[in-house]
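Subject: Structure handover

Hello,

Here is the structure I said I would pass on. Please look it over before reading my notes below.

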Amino acid sequence: MQATPHAGYAGNHDHHSHGHPTGLMRWVTTTNHKDIGTMYLWFSFVMFLVGGAMSLILRAELFSPGLQYVSPEFYNQMLTLHALIMVFGAIMPAFVGFANWMIPMMIGASDMAFARMNNWSFWLLPPAAILLTTSIFVPGGAAGTGWTMYPPLSIQMGMGMDMAIFAVHILGMSSIMGSINIVTTILNMRTPGMTLMKMPLFCWTWLVTAFLLIASMPILAGAVTMLLTDRHFGTSFFAAAGGGDPVLFQHIFWFFGHPEVYIIALPAFGVVSHVIPAFSRKPLFGYVSMVYAIAAIGLISFFVWAHHMYVTGIPLTGQLYFMYATMLIAVPTGVKVFNWVTTMWRGSLTFETPMLFALGFLVLFTIGGLTGLVLAMTAVDIQLQDTYYVVAHFHYVMVAGALFSAYAGLYFWLPKWTGRMYSEGLGKLHFWLSIIFFNVAFFPQHFLGLAGMPRRVPDYAQQFADFNVISGIGAFGFGFSQLLVLVVIFQALKSGEKASSRPWDGAHGLEWTVPSPAPYHTFEDPPPFNQAEAHG
Amino acid sequence: MNPTLTSPPATSGRPRRPARSNRRVVAALLSVVVGSLLFLSVQPRFYKAFCDWSGLYDIDRAQRVAVSSIPPRPVTLEFDANSHDGSLRFRPETATLTAKTGEIVHVVYRIENTLNRTVVGQAIPSYGPQYAGAYVKKLDCFCFKQQTFAPHEVREMPVVFLLEQGLPEEVNTVTLSYTFFEVPSGAATSSPTATAAASGK
């Protein structure tokens with residue numbers, strides 16, 4: 001994950017005659033998309049460990065009934081921060097990191113369109129992370145509302161809530177800037193001959209994702225700003241005492257929140273659409289239908305928000321509409337799943353670590369999608385709302401979906417980034433530990449939810465004890481096996497085999513035409529683009 | 001910042017995409033951001049209007065369910081104030097007024113400490129008729145907690161309440177009377193009377 005500047009390479013260009021700043025200042029001032037991508041990835045991994053540690057506090061508390069280690073207030077704060085940090089601090093920056101590293105290399109561009117703004121979008125993240133994590137220590141503690149920040153509770157919380165609101169503002173700005181950068185890069189900087197419909201799918205998923213971010217992030221920023229003025233400036237957007245309606249916040253939040261789900265999922269789809277063809281040694285099946293499916297998912301995601309709100313008293317007509325609209329999303333998603341499966345059909349498959357993670361993604365994401373369909377049904381959801389079934393559902397799509405796909409991408413492109421092969425044994429160990437412990441942790445939660453165990457409560461009735469023990473063992477196993485990633489990376493950097501420019505014989509795309517590790521500057525002249533490298 | 005790093009690498013062979021083209025894309029994307037913010041800013045009003053127009057969701061239901069279906073009727077309210085040992089000058093700014101049941105009433109009481117020492121005490125309400133007290137719902141009252149008055153301090157203090165619509169029909173006049181009791185120095189702040197007063201009765 002380290003883009004070492006190659007003095008010889010950079011020295012060829014007279015505008016580098018002053019040399020790079022070194023040490024810390026190199027990273028603070030860098031405008032190089034590879035440096036910034038690396039920083040995004042490391043940042044997201046650190047936040048992933050922080051958010052993961054918080055979830056282990058939750059699982060430790062839930063290991064047996066009754067209150068053991070933490071107070072209910074602290075439990076609520078941990079689950080809120082766990083969610084906010086994982087969504088905004090880990091998963092989203094991880095895929096922005098992939099976008100920074102890979103999009104310019106995939107489309108044959110020399111860098112992102114706005115290199116300086118790129119630097120700024122990254123460096124906004126650490127202050128937001130500091131605001132979120134240090135809010136634990138202020139009087140009243142961190143926000144304990146859940147990541148959804150529903151009023152009236154969010155209007156009554158202490159200053160930890162304000163810190164969370166400001167963190168969301170900063171993260172939103174960073175995301176919008178990053179997205180503007182990505183859209184401009186993709187639209188204006190493709191190498192000649194690469195039309196939009198010949199573009200690698202990862203770029204397509206990010207193009208749609210960036211549009212979703214640009215349209216939905218201001219909604220979230222505005223909603224939390226309205227919370228802020230309700231809290232401090234006497235407005236009553238959501239405060240019922242002054243004539244506001246708390247349910248309005250839920251509408252606004254989920255109008256952002258549902259596209260957010262696909263903001264996380266689409267880039268994951270993009271990565272998998274590169275990994276599966278590479279290890280099937282076949283072109284991706286149904287490229288055009290994939291592109292339309294991505295666009296359809298992005299579009300429909302703005303019209304299904306109230307399926308999170310079936311129990312708020314929305315009318316039956318509304319419930320029916322949102323139920324059918326939600327189920328409609330399963331159609332383009334199903335198209336994608338079938339295309340991935342058909343890509344593998346009669347391929348010469350091999351099962352290196354990236355492929356294993358992509359297959360893990362495929363199986364588990366489909367399970368998560370299926371439980372999503374169950375939850376889409378109004379009549380069923382009224383029973384399952386706010387139970388562990390929901391927790392199991394979104395961890396299957398977020399962890400097994402987004403995280404596994406990020407790991408697939410990490411193992412897939414690590415040789416390109418570092419110039420070294422990782423240890424296949426360690427990688428496979430990481431995969432098998434992850435997939436086993438993940439299922440041990442989250443599969444029992446379906447049963448807990450069906451039996452009626454409510455989420456966001458630190459205590460539970462005796463009959464839920466056994467499944468919670470299993471889930472706890474899985475969570476700790478999963479958490480600690482993620483540390484293996486560090487071992488894999490440092491082992492590769494230290495003693496990994498040297499990687500060729502195309503270490504995967506089935507991989508296609510412009511990124512594999514440059515040497516490994518990728519030089520500090522690539523494609524200063526647009527590369528020739530031919531059909532052989534299209535549709536990775 | 002080092003200028004060599006901030007300038008994007010030379011794009012000698014690239015058919016130069018003019019900066020203007022980039023600017024056009026950014027302008028379009030920023031207009032989406034602004035559009036989103038505008039869309040959000042009309043939401044509170046639009047939401048209410050849409051709910052009213054379509055009848056799909058009854059926003060004001062919560063408020064209406066809270067009040068009973070009994071139609072409001074006018075009731076005469078009388079206000080009274082006494083000081084238990086005459087240490088304070090205590091009177092309402094309004095002696096009497098007519099209000100409808102369910103309507104929020106706002107009355108100010110004036111207290112003056114005539115003594116040369118600090119007085120700590122609490123006002124305890126009583127009602128006439130006594131059983132009407134159950135229908136007086138106080139949203140805010142100076143009687144909820146103990147008050148401390150500096151020597152010769154004058155203070156105006158509000159009580160905000162409403163009469164429930166369930167008020168028995170025969171009651172046409174309700175008297176709200178406060179008596180100010182001085183708390184003996186050294187008494188605990190959460191005396192039983194304070195707790196009783198805080199419950200709004």
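Confidence

This is a predicted model. The predictor assigns the complex an ipTM of 0.81 and a pTM of 0.78. For chain B the mean pLDDT is 78, with 76% of its residues at 70 or more. Within that chain, helix α2 (residues 19–41) of chain B has the highest confidence, at a mean of 90, and helix α1 (residues 3–6) of chain B the lowest, at 42.

Where pLDDT is low, the predicted coordinates should not be read in detail.

Chain B

Chain B contains five helices and nine strands. Their order along the sequence is α-α-α-α-β-β-β-β-β-β-β-β-β-α. Of its 201 residues, 16% count as buried. Among contacts in chain B with a separation of 6 or more, 74% are between residues 24 or more positions apart.

Helix α4 of chain A against α8 of chain A

Helix α4 (residues 72–107) of chain A packs against helix α8 (residues 159–188) of chain A at about 15°, and their axes are 11 Å apart. Because angles under 35 degrees count as roughly parallel, α4(A) is roughly parallel to α8(A). Their crossing is left-handed. On the α4(A) side the contact is made by Leu84(A), Phe88(A), Met92(A), Val96(A), Ala99(A), Ile103(A), Pro104(A) and Ile107(A). On the α8(A) side are Ala164(A), Leu171(A), Ser175(A), Gly178(A), Ile182(A), Thr185(A) and Ile186(A). By type, the contact residues of α4(A) and α8(A) are twelve nonpolar, three polar and no charged.

Helix α4 of chain A against α9 of chain A

The axis of α4(A) also comes within 9 Å of that of helix α9 (residues 201–232) of chain A, and the two cross at roughly 125°. At that angle α4(A) and α9(A) are oblique to each other. The crossing of α4(A) with α9(A) is left-handed. Ala99(A), Met102(A), Ile103(A), Met106(A) and Ile107(A) of α4(A) make this contact with Phe202(A), Cys203(A) and Trp206(A) of α9(A). These residues divide into eight nonpolar, no polar and no charged.

Helix α8 of chain A against α2 of chain B

This pair links the notes on the two chains. α8(A) and α2(B) pack at an angle of about 140°, with 10 Å between their axes. That makes α8(A) oblique to α2(B), and the crossing is right-handed. From α8(A), the residues involved are Ile176(A), Ile180(A), Val183(A), Thr184(A), Leu187(A) and Asn188(A). They meet Ser21(B), Asn22(B), Val25(B), Val26(B), Leu29(B) and Val33(B) in α2(B). The contact of α8(A) with α2(B) has eight nonpolar residues, four polar and no charged.

One residue of chain A

Thr29(A) is in helix α2 (residues 24–29) of chain A. How exposed is Thr29(A)? With 17 other C-beta atoms within 10 Å, Thr29(A) is partly exposed. Its C-alpha atom is 9.8 Å from that of Trp123(A), which is 94 residues away along the chain.

Regards

Technical notes
Residues are numbered from 1 along each chain as its sequence is written. Chains are lettered from A and ligands numbered from 1 in the order in which they are written. This is a predicted model: local features need pLDDT of at least 70, side-chain atom pairs count only at pLDDT 80 or more; totals for chains, interfaces and linings use all residues. Axes are lines fitted to C-alpha atoms, for helices over the stretch in contact, and angles run from 0 to 180 degrees between N-to-C directions. Helices (H or I, at least four residues) and strands (E, at least two) are DSSP runs, numbered from the N terminus. Angles under 35 degrees count as roughly parallel, over 145 as roughly antiparallel, 65 to 115 as roughly perpendicular and the rest as oblique. A crossing is left-handed if the near helix is turned anticlockwise from the far one by less than a right angle, and right-handed if clockwise. Two residues are in contact if their C-beta atoms, placed from the backbone, lie within 7 Å. Ala, Val, Leu, Ile, Met, Phe, Trp, Tyr, Cys and Pro count as nonpolar, Asp, Glu, Lys and Arg as charged, and the others, Gly among them, as polar. A residue is buried if 20 or more other C-beta atoms lie within 10 Å of its own, exposed if 12 or fewer, and partly exposed in between; C-beta atoms are placed from the backbone. pLDDT is the predictor's confidence in each residue, from 0 to 100.
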